[in-house]
Amino acid sequence: MKILLVFDFDNTIIDDNSDTWIVQCAPDKKLPIELQDSYQKGFWTEFMGRVFKYLGDEGVRENEMKRAVTSIPFTQGMVELFNFIRKNKDKFDCIIISDSNSVFIDWVLEAANFLDIFAEVFTNPAAFDSNGHLTVENYHAHSCNRCPKNLCKNVVLVEFVEKQLQQGVNYTQIVYIGDGGNDVCPVTFLKKNDVAMPRKGYTLQKTLSRMSQNLEPMESSIVVWSSGVEIISHLQFLIKE
């Protein structure tokens with residue numbers, strides 16, 4: 001009987017946003033105003049597609065982007081957390097559900113030798129085309145009106161848990177580790193035995209705290225963290241129970 005650990009990527013595993021970090025590869029480390037202004041709420045992936053095209057047109061190559069992305073620091077204590085998980089592989093399954101893209105996440109995990117920690121990574125698929133431009137697509141289509149149109153993390157999580165159940169894997173509980181507004185949807189569907197772990201001072205934590213003040217029901221327990229070391233402490237407590 002394992003515990004399922006669900007991780008967000010940007011501002012959770014890494015201590016920044018990979019999509020905004022990549023802008024440092026642009027000329028003068030900024031995007032043209034008209035490109036910045038082209039973003040529409042809920043259509044971030046399409047916006048990043050235009051950013052990647054602009055970088056490619058400006059001659060920014062794959063190795064340069066990879067160097068930038070792999071220089072993003074891990075959030076404090078994450079390396080220790082992953083080493084702890086690796087030592088306790090029999091107790092945990094880990095997945096990532098992220099609104100970043102498959103290329104960036106692979107680069108970061110591979111460079112730090114953490115690819116083996118994760119059973120699955122659910123994110124927007126990306127690839128370099130024949131011109132050397134990075135292209136990105138929406139992860140899926142869904143009908144949830146709370147989430148950006150390219151990704152509802154709750155739909156992904158529910159589908160994964162059901163698929164595992166069909167293969168005979170039943171998780172004792174889910175621990176959801178995230179920071180952002182798009183982590184609110186999956187967290188509100190967690191059950192009584194599950195644990196929501198929002199990063200202190202970030203949107204998810206602020207939203208959950210506002211919801212509890214409004215007495216909006218939440219079944220799961222909430223444990224706030226600032227460092228991966230605090231997550232280790234809570235996981236140690238859970239596996240001792």
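Two residues are in contact here when heavy atoms of theirs come within 4.5 Å. Keep that in mind while looking around this structure, which is a predicted model.

Let's start with Asp8, which sits in the loop between β1 (3-7) and α1 (18-21). Skip the neighbours within four places in sequence, and Asp8 still touches Ile13, Ile97, Ser98, Lys153, Ile177, Gly178, Asp179 and Asp183. With a relative accessible area of 5%, Asp8 is buried, because anything under 20% gets that label. There's a polar contact too: the side chain of Asp8 pairs with the side chain of Thr12 at 3.3 Å.

**The binding-site trio**

Which residues does UniProt list under "binding site"? The entry, an unreviewed one, names Asp8, Asp10 and Asp179. Such annotations may be inferred rather than shown by experiment. The three span 172 residues in sequence, but no two of their C-alpha atoms are more than 8.3 Å apart, so they gather at one spot. Asp8, Asp10 and Asp179 also turn up in the lining of the largest pocket.

Is Asp10 buried or exposed? Its relative accessible area is 10%, so Asp10 is buried. Leaving out residues up to four places away in sequence, Asp10 touches Asp16, Asn17, Ser18, Ser100 and Asp179. Asp179 is on the contact list of Asp8 as well.

**Salt bridges**

How many salt bridges does the model have? The count comes to nine. Here are some of them, each with its N to O distance.

| Asp93 | Lys2 | 2.9 Å |

Take the pair of Asp93 and Lys2, joined by a salt bridge. Asp93 is in strand β2 (residues 92-101) and Lys2 in the segment before β1, so this pair ties together parts that are 91 residues apart in sequence. Asp93 counts as buried at 14% relative accessibility, whereas Lys2 is partly exposed at 24%.

Asp8 belongs to the loop between β1 and α1 and Lys153 to helix α7, so the pair links parts that are 145 residues apart in sequence. Both Asp8 and Lys153 are buried.

Through shared partners, salt bridges join Asp8, Lys153 and Asp183 into one network. Lys153 is buried, with a relative accessible area of 0%, and Asp183 counts as buried at 0% too.

**Further along α7**

Where is Glu159? Glu159 has its place in helix α7 (residues 153-166). Glu159 is partly exposed, with a relative accessible area of 47%, whereas Lys153 is buried. The C-alpha atoms of Glu159 and Gly178 are separated by 19 Å, and along the chain these residues are 19 residues apart. Gly178, for its part, is one of the residues in contact with Asp8.

Technical notes
Residues numbered from 1 in each chain as written. Predicted model: local features only at pLDDT ≥ 70, side-chain atom pairs only at ≥ 80, totals over all residues. Heavy atoms only, no water. 1 Å grid on protein atoms, 1.4 Å probe; cavity = no way out; pocket = protein on both sides within 12 Å on 5 of 7 lines; lining within 4 Å. Helix = DSSP H or I, 4+ residues; strand = E, 2+ residues; numbered from the N terminus. Buried < 20%, exposed > 50% of the residue type's maximum accessible area, 1.4 Å probe, protein only. Polar contact = N/O pair within 3.5 Å; in protein donor to acceptor, adjacent residues only side chain to side chain. Salt bridge = Lys/Arg side-chain N within 4 Å of Asp/Glu carboxyl O.
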